[in-house]
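Hi,

Here is the structure I promised to pass on.

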Amino acid sequence: MSQSTYTSVVLAKRPKALIVPGETFSLKQNPMLSQRDLKDGQILVETLYLSIDPAMRGWLNDIRSYIPPVQIGEVMRGAGTAKVLASKSTKFLVGDYVSATPGWSEVAIVAENDASLLEVPEHAKLTDFLGVLGIPGLTAYFGMLDIAKVKTGDFVVVSGAAGATGSVACQIAKLKGATVLGLAGSDEKVTWLKNLGCDALNYKRSDFKKAFKEKTKNLIDVFFDNVGGEILEVALSRANLHSRYVLCGAVSQLRGFIIFDYESQYNEARKELAKWMSEGKVQRKETIVKGGLKSAEEALLGLYTGINTGKLLVEVKADNDRGGSKL
């Protein structure tokens with residue numbers, strides 16, 4: 001890169017409810033980083049794609065949580081895929097593709113232990129490491145298989161079923177012989193879920209509670225919750241005996257879990273997810289917002305209004321030569 005500055009997005013004001021474009025975040029210009037700025041064990045990366053995730057809104061609240069809040073004036077936290085521009089690490093070479101947490105920044109310095117070399121399996125692509133092969137897919141994998149222990153004959157209901165995590169959770173449950181009902185927020189998303197082999201219901205329809213009761217007449221064995229709130233309350237009233245309710249990312253007596261607890265098992269899970277993708281048993285869908293970093297706040301706002309089907313990403317920079325080693 002020959003430019004003299006790079007852009008980052010910092011938190012300017014904590015929102016009280018939804019984020020406010022032009023107020024919650026602000027763009028910041030910074031002097032360009034180079035090899036000279038690196039310490040031993042660090043790499044300089046160029047961000048290609050950023051993951052837009054539901055947990056991000058919680059990171060803006062100045063309260064205790066499983067991860068510290070983003071501070072005023074601090075670069076917005078965010079995971080992404082990136083390309084190594086410079087390296088003082090024995091683990092990474094210039095040109096390598098990595099997954100890391102560069103934040104909402106065009107370039108960033110990352111410690112070698114906070115980055116992972118991306119080896120792109122056959123039939124996969126770089127952005128899959130933010131979706132099916134990333135935290136959303138891993139959350140679905142461990143939540144459905146280890147926490148819910150889904151099995152043949154189960155009746156499984158998934159909220160937020162057309163999202164990055166929910167859609168993979170639905171397909172894993174189907175793979176394991178369960179009957180699946182997915183809840184989504186539009187008729188288009190309902191159609192997509194049905195094309196995946198699931199039954200589906202639009203939770204925005206006026207008669208949702210009545211329709212949900214009819215769809216769950218045999219009661220729920222597994223409920224995979226991605227949204228909480230009223231939908232979770234309605235689902236609790238339809239619980240079968242010995243049912244398992246999984247609260248994605250929550251800490252609760254209803255078997256909530258944090259995906260980072262499974263970090264040592266990520267590689268094996270990714271191999272199985274990649275195998276299912278190559279066999280056509282797990283399909284992916286992406287919604288990619290273009291326009292660079294300035295589009296990130298609109299994308300985050302849109303996440304909560306349902307603009308995405310599948311994984312929501314922001315393209316910071318297109319990389320026509322992207323790829324990686326083959327497994």
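This is a predicted model: local features need pLDDT of at least 70, side-chain atom pairs count only at pLDDT 80 or more; totals for chains, interfaces and linings use all residues.

First, the ground rules. Residues are numbered from 1 along each chain as its sequence is written, and side-chain values use heavy atoms, with hydrogens and water left out.

Let's start with H5 (208-215); helices here are DSSP runs of H or I with at least four residues, strands are runs of E with at least two, and both are numbered from the N terminus. Phe208, Ala211 and Phe212 are the buried residues in H5 (buried is under 20% relative accessible area, exposed over 50%, partly exposed in between, with a 1.4 Å probe and protein chains only). These residues fall within an arc of 100° when you look down the axis of H5, so they line one face of the helix; the arc is that of the directions from the helix axis to the C-beta atoms. On the other side of H5 you'll find Lys210, Lys213 and Glu214 exposed. The cover over the buried residues of H5 includes strands E8 (155-158), E9, E10 and E11, as well as helix H6.

H6 itself runs over residues 229-236, and its buried residues are Ile231, Leu232, Val234 and Ala235. They sit on the same side of H6, because they cover an arc of only 160° around the axis. Glu230 and Glu233 are exposed on the face turned away from that buried side. The buried residues of H6 pack against H5 and against strands E9 (179-184), E11 (220-225) and E12 (239-247); contact means heavy atoms within 4.5 Å.

**Buried polar side chains**

Asn202 is in strand E10 (residues 199-202) and is buried, at 12% relative accessible area. Its side chain makes a polar contact of 3.1 Å with that of Asp187 (a pair of N or O atoms within 3.5 Å; within protein, one must be able to donate a hydrogen and the other to accept it, and residues adjacent in sequence count only if both atoms are side-chain atoms). Beyond its neighbours within four places in sequence, Asn202 touches Phe208 and Val190, among others.

Ser87 belongs to strand E4 (residues 80-87) and is buried too, with a relative accessible area of 16%. A polar atom of the Ser87 side chain lies 2.8 Å from the backbone oxygen of Phe92. Setting aside neighbours within four places in sequence, the contacts of Ser87 include Gln35, Leu38 and Val94.

Of the 14 lining residues, Gly131, Val132, Arg284, Lys285 and Lys311 are the closest to the centre. Helix H3 (residues 164-175) gives the most to the lining, with 3 residues.

Cheers

How values were computed. On a 1 Å grid over the protein atoms alone, a cavity is a set of points where a 1.4 Å probe fits but cannot get out, and a pocket is an open set with protein on both sides within 12 Å along at least five of seven lines; lining residues have an atom within 4 Å of a point.
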